[in-house]
2 protein chains.
Amino acid sequence: MPRTVSWSRYFPILKWGRTYSGTAALNDLIAAVIVTIMLIPQSLAYAMLAGLPPEAGLYASIVPLLLYSVLGTSRSLAVGPVAVISLMTAATLSEVTQTLEVGYATAALSLAGVSGAILLAMGLLRLGFIANFLSHPVISGFITASGLLIAAGQFKHVLGIEADGHTVPEIFGSLVAHVAETNPITFAIGAVGVAFLFWVRTGLRPALVRIGLRPQVADFWAKAGPVLAIVLSTLIVWQFDLTQSGVQIVGAVPQSLPPFTLPDLSRDLVAALFGPAVLISIIGFVESISVAQTLATKKRQRIDPDQELIGLGAANIGASLSGGFPVTGGFSRSVVNFDAGADTPAAGAFTAVGLTAAALFLTPLIFCLPKATLAATIIVAVLSLVDVRTLRQSWTYSKRDFGAVLVTVLLTLVLGVELGVTAGVLLSLLLFLYDTSRPHVAEVGLVEGTEHFRNILRHEVITDPSVLSLRIDQSLYFANARFLENYIYDRIIDDQRLKHVILMCSAVNEIDLSALETLELVNIRLKELGIDLSLSEVKGPVMDRLQRGPFLEHLTGRVYLSQFEAFRGVVVAVASGR
Amino acid sequence: MPRTVSWSRYFPILKWGRTYSGTAALNDLIAAVIVTIMLIPQSLAYAMLAGLPPEAGLYASIVPLLLYSVLGTSRSLAVGPVAVISLMTAATLSEVTQTLEVGYATAALSLAGVSGAILLAMGLLRLGFIANFLSHPVISGFITASGLLIAAGQFKHVLGIEADGHTVPEIFGSLVAHVAETNPITFAIGAVGVAFLFWVRTGLRPALVRIGLRPQVADFWAKAGPVLAIVLSTLIVWQFDLTQSGVQIVGAVPQSLPPFTLPDLSRDLVAALFGPAVLISIIGFVESISVAQTLATKKRQRIDPDQELIGLGAANIGASLSGGFPVTGGFSRSVVNFDAGADTPAAGAFTAVGLTAAALFLTPLIFCLPKATLAATIIVAVLSLVDVRTLRQSWTYSKRDFGAVLVTVLLTLVLGVELGVTAGVLLSLLLFLYDTSRPHVAEVGLVEGTEHFRNILRHEVITDPSVLSLRIDQSLYFANARFLENYIYDRIIDDQRLKHVILMCSAVNEIDLSALETLELVNIRLKELGIDLSLSEVKGPVMDRLQRGPFLEHLTGRVYLSQFEAFRGVVVAVASGR
């Protein structure tokens with residue numbers, strides 16, 4: 001392969017950049033304008049959610065977007081601060097800044113840096129598959145619980161009171177303690193904001209279409225709703241000088257390009273941030289890759305998960321060097337970008353330019369922006385994260401999945417995001433392992449007039465008292481080998497008539513060394529009792545392996561191609577043996 | 001069920017005791033004599049290995065044996081100190097006594113107590129299945145490494161020098177530092193002892209048979225070899241007063257019944273012992289249950305793993321109350337017990353009586369027993385633990401299993417027993433999970449003239465350019481759902497002719513909620529691209545589940561009973577559609 005191929009593998013821009021056309025540029029530009037309008041309030045709000053000054057949200061959307069557009073493989077993904085990652089950032093930083101002597105904003109840079117390094121390392125080591133070990137229901141439960149936690153955490157801004165906490169009991173305890181201090185004007189702004197934004201989200205578009213606007217135009221206005229809320233509430237606060245009445249505002253935001261910052265990478269801080277950074281990296285990666293994958297498939301495009309890790313890693317390192325905090329590919333902004341017609345990652349670069357302009361010129365205009373409006377924006381945005389459907393679906397489909405979701409939701413709400421997601425992931429893995437350790441084993445018999453064997457408990461079948469036919473519906477490995485062994489022993493101890501055991505292996509995709517040793521042992525034990533052991537329907541790759549060892553030589557019975565042949569074989573042996 | 005059944009479930013003695021006969025008593029008595037002779041040197045040696053005075057080994061073989069004979073379900077198992085558990089005990093105690101203010105022997109009582117409580121709790125909670133998650137190769141690797149560590153640790157006694165350490169680098173570093181202090185007479189006793197015992201183990205029995213002894217008699221003498229070594233070396237040391245020349249001896253051992261002791265169960269000590277006790281309990285249980293299972297099946301007897309946990313738990317609690325240390329069912333002693341004709345657990349009770357007699361009357365006779373002889377007994381005994389066969393077998397059979405064994409062996413040797421076995425168990429579980437996350441997926445086609453579908457890479461088959469038939473050789477769950485999704489997308493992105501995807505599910509034993517969601521997503525994506533999705537050969541239990549949700553309604557294709565029907569179905573659709 002020529003050298004350029006490997007360059008373009010790590011720099012996908014070399015691939016799409018080569019054929020970049022005027023049409024594509026125009027599409028990208030239009031998409032960028034729409035996304036920029038959407039991102040300004042989001043960036044400010046998520047910065048507040050992460051506990052950082054509003055400009056950090058803008059900065060975190062500029063350099064990361066640029067870097068991702070050079071290194072990412074998705075053509076539609078928009079990278080920047082997102083709700084769940086901002087919540088995890090806040091939880092981590094408030095803990096770390098309590099125990100270590102480090103500034104909050106500095107620690108945010110470090111967290112982005114460590115997280116970026118982890119993502120980059122995972123990408124270079126091609127460890128993208130790790131994300132697969134997070135089950136959908138657990139992720140969904142975690143995101144639902146995070147949404148609820150985020151919304152709960154914003155109530156203080158809507159009420160205009162002081163409150164803190166990172167779990168539901170803490171937050172509500174704190175809210176209840178301070179609720180008497182509620183600022184009525186702030187509460188009015190917040191409540192109207194929530195109601196308005198909720199209506200924008202659900203009722204505005206149909207209403208605009210009804211009054212005769214074209215769907216695309218209606219869509220645009222629905223998306224611009226949060227901007228409208230910000231403009232209106234800012235004007236009201238400014239006009240009536242409501243800061244005098246105690247309404248909390250954003251205040252002075254510097255007019256500046258993203259600053260060049262150096263994260264504190266002292267050993268203690270990195271050690272304290274490492275665990276949370278791993279979780280933030282993996283959760284962020286899962287969120288990002290899901291969106292990227294979904295959008296790419298719609299256009300028959302490819303996503304390379306390992307290169308995505310590199311892209312997101314670079315984006316986070318970029319955030320740490322430019323006054324930001326941990327970022328990832330966001331769901332809503334990417335969908336908007338895609339729907340608005342973005343053709344290439346250049347749309348991201350244009351969006352970055354738009355946000356730079358905002359950081360340079362618009363910041364003085366938001367001096368009077370009330371925090372309650374930002375909180376309303378967040379509350380309405382995160383309510384879409386709450387996914388009751390998965391909870392209901394898992395209840396009908398599988399109680400085990402339901403249990404994993406419920407535990408994740410409850411632990412996240414009560415113990416916080418880190419423990420919640422860790423417990424959920426471990427629980428789902430343990431449940432899977434437990435399940436595979438107790439495989440379904442069916443005693444089978446011949447369906448009359450056919451060559452099919454079916455479960456004797458479910459069907460009317462022909463059996464022979466001297467033959468035990470077992471179908472194992474699972475690969476055999478160390479955790480279930482002993483289960484099978486006990487199953488066979490249990491069955492033969494009481495039944496002196498048995499002379500033949502046949503294991504039907506049609507669903508056995510693997511036999512590991514532990515299981516092989518167990519089969520060898522079973523073979524010997526059965527031999528001592530005058531019973532022979534046969535196998536049937538062994539798959540090619542499994543058979544290849546078995547042939548490498550002495551097991552097949554020692555086998556007292558035979559390996560039959562089909563269960564029918566096996567049954568006929570041993571029953572004939574019985575007939576002629578008598 | 002009548003009440004007596006449940007009593008006899010927790011007290012198996014009520015079952016066998018009711019029909020106990022004179023013949024059985026005689027058989028048990030003979031077995032007990034042989035096992036007692038074998039256990040005296042072993043008990044002394046394993047006490048030394050655990051770092052405890054010799055009498056502790058005798059005590060640990062008395063009360064535990066009695067309790068197990070009442071509560072255990074195996075009729076042949078002999079419970080007492082064993083090599084690997086003694087090694088783990090020494091490693092734990094030397095660490096704990098360094099950090100906490102507690103005597104070594106007291107801590108040994110506590111460790112036995114905590115370990116007994118854990119076993120008992122596991123038994124009552126019916127958690128016996130946990131032992132299944134330790135793969136045979138990992139256990140074998142761990143026991144091999146432990147054998148090597150134990151042998152290395154005994155060199156100091158053979159050389160008559162001071163040395164310590166719990167890992168190979170530590171032990172050898174310490175040995176090298178002190179080798180110059182070697183006591184030549186001790187070394188002579190130790191080296192001759194090792195050579196003699198090795199010959200007893202391998203050459204004595206054939207030699208005796210050759211000079212005309214009956215095999216049973218030859219067997220008896222071969223088993224009495226260690227006793228002979230002890231008697232001879234003790235006599236030599238006494239006769240020539242070799243303690244004057246610096247030969248280390250056992251010294252004064254109290255003549256006494258097992259004392260009544262109370263373990264120290266202070267919070268700090270229990271917390272420090274808990275982790276190691278879990279490992280000791282599980283490893284001990286695995287060793288014990290393997291032996292019990294093997295011996296029981298030979299006589300068509302049943303072992304109840306959960307009741308075994310209760311029996312072993314009681315044995316360990318008994319050890320902690322009678323001056324002992326952690327115990328479990330030993331391999332060699334149980335096999336000897338079985339071969340000597342033990343019929344019931346009463347053999348164990350008789351052995352306990354024999355050992356009590358030894359503790360009361362024989363201890364003065366071993367005053368001059370050189371430690372080098374005990375070390376030689378240990379070295380020769382543990383060399384049989386070294387299992388090169390599994391290492392070789394795993395190399396041929398599966399590189400993955402080989403990797404797990406090698407890591408376990410190396411980490412145990414270099415980092416010690418606790419880290420070694422923990423890392424091995426985790427690694428084998430992670431490898432299994434990794435494996436199931438990348439299932440074997442085969443593109444299949446029709447074998448001409450049959451209804452069978454085979455891998456297109458391995459067989460000459462009929463395919464249709466508009467149909468993609470994939471056979472998935474694994475259950476679908478969260479960790480492999482995305483793999484399948486990517487596999488399908490990768491395949492369809494480049495091939496515009498595809499109109500039908502059929503998933504052949506003959507080896508899919510389960511589809512969890514994550515996989516179901518992925519299939520729903522795949523169905524939607526394919527629909528957008530004008531491709532329909534069908535399933536074939538879905539198993540009964542899987543189908544039952546799928547019917548609970550809306551997936552089958554949304555499915556663009558159909559669910560076919562067989563892959564043949566599916567292929568015929570869609571190809572006809574292609575023909576009529578054009």
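What follows is a short chat about a predicted model with chains A and B.

Q: How is chain A divided into domains?
A: In this predicted model, the domain assignment of chain A gives domain 1, covering 20-429, and domain 2, covering 441-577.

Q: And how far apart do the C-alpha centres of those two lie?
A: The C-alpha centres of domain 1 and domain 2 of chain A are 56 Å apart.

Q: Switching to helices, at what angle do helix 7 and helix 13 of chain A pack?
A: Helix 7 (residues 104-124) and helix 13 (residues 305-321) of chain A pack at an angle of about 160°, and their axes are 7 Å apart. Since angles over 145 degrees count as roughly antiparallel, the two helices of chain A are therefore roughly antiparallel to each other.

Q: Is that crossing left-handed or right-handed?
A: The crossing of helix 7 and helix 13 of chain A is left-handed.

Q: Which residues meet there?
A: From helix 7 of chain A, the residues include Leu109(A), Ala112(A), Gly116(A) and Leu120(A), and they face a set in helix 13 of chain A that includes Leu309(A), Gly313(A), Asn316(A) and Ile317(A). By class, this contact has 13 nonpolar, seven polar and one charged residues.

Q: Why can one say the copies meet through the same surface?
A: Because 100% of the interface residues of chain B are also interface residues in chain A.

Notes
Residues numbered from 1 in each chain as written. Chains lettered and ligands numbered in written order. Predicted model: local features only at pLDDT ≥ 70, side-chain atom pairs only at ≥ 80, totals over all residues. Heavy atoms only, no water. Axes fitted to C-alpha atoms, helices over the stretch in contact; angles between N-to-C directions. Helix = DSSP H or I, 4+ residues; strand = E, 2+ residues; numbered from the N terminus. Parallel < 35°, antiparallel > 145°, perpendicular 65-115°, else oblique. Left-handed = near helix turned anticlockwise from the far one by under 90°. Contact = heavy atoms within 4.5 Å. Nonpolar A, V, L, I, M, F, W, Y, C, P; charged D, E, K, R; others polar. Domains from an automatic or database assignment.
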